[in-house]
Amino acid sequence: MDEILAGEDASYEDHKGIPSRDNLTFTNGFYVDVTVMFIDMRGSKKLAEKHTRPVLAKVYRAYISEMVAVLKDNSCINEVYIEGDGVWAVFNTTTKPEVQSVVDTAARVKSLADVLNVKLKRRAYSEIKIGVGIEDGESLYIKAGYKGSSINEVVWIGRSVGSAAKMCGFGNATESDKTVMASKRVYEMLDGTYKNLFVWSSSRECYMGNFHNRAMQKWVVDNE
């Protein structure tokens, strides 16, 4: 404890792009610009009240495993975390096109929820709704855990993580909210085609959109 608290502030350096985990120790860290995406299920309490635990297990497994697969398919992915029925990810984005690729992933995430709903409906299970939040900005990248053991984890600290989580909570929260919420910074890094996917929400103070992956959505339309 004393060794960690006595560490030098200079050990926390700015870094372009996410450095290798091998560069992390229990006394250093890196400030890195990243894009963060949070995905969370809406109304999971009602889902639990309506279905048996085995059914819930199947729904959550299908939802989480496929969401992780979509996130991992983005070449900029660095970390994926699972927290309850929520999934969040950190992307190593150093250019505007890379940030735009995260929006592409958000479109696939939205369509994946629609695909899952088609399959849930066939089995007379409750359909799901999700919220998605996207933020871009500086985060502190550290290792935290018990030194000398195999119990350690990479941790991201900073406003961008909290902001993405907050916006995710807005997604599909009310009738006037859309699925995907993105910050001003994310919006400013998009070209015209991507900007057209979003509208400004004055109540949420962020941009929001309902857009999807065309190929995946075609399957949804053909199979509804």
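Let's start with one residue. Lys 58 has 48% relative accessibility, so Lys 58 counts as partly exposed. On the terms: buried means under 20% relative accessible area, exposed means over 50%, and partly exposed is in between, with a 1.4 Å probe and protein chains only.

A word on the source. This is a predicted model, where local features need pLDDT of at least 70, side-chain atom pairs count only at pLDDT 80 or more, and totals for chains, interfaces and linings use all residues. Residues are numbered from 1 along each chain as its sequence is written, and side-chain values use heavy atoms, with hydrogens and water left out.

Back to Lys 58. Lys 58 sits in helix α3, residues 53-72. Helices are DSSP runs of H or I with at least four residues, strands are runs of E with at least two, and both are numbered from the N terminus.

Next, salt bridges. How many does the structure hold? Nine. Each one is a side-chain nitrogen of Lys or Arg within 4 Å of a carboxyl oxygen of Asp or Glu.

Take Arg 108 and Asp 73. Their closest N and O atoms are 2.7 Å apart. This pair links distant parts of the chain: Arg 108 is in helix α4 (residues 96-122), Asp 73 is in the loop between α3 and β3 (77-83), and they are 35 residues apart. Arg 108 is partly exposed at 26%. Asp 73 is exposed at 52%.

Now Asp 40 and Arg 42. Their side chains meet in a salt bridge at 3.6 Å, N to O. Arg 42 is buried, at 18%. Asp 40 is partly exposed, at 25%.

Asp 114 and Lys 110 form another salt bridge, at 3.1 Å between the closest N and O atoms. Both lie in α4, four residues apart, about one turn of the helix. Elsewhere, salt bridges with shared partners join Asp 33, Asp 136 and Arg 185 into one network.

Last stop: helix α8, residues 214-223. Which residues are buried there? Met 216, Gln 217 and Val 220. Down the axis of α8, the buried residues fall within an arc of 95°, so they line one face. That arc is taken from the directions from the helix axis to the C-beta atoms. The face turned away carries exposed residues: Arg 214, Ala 215, Lys 218, Val 221 and Asp 222.
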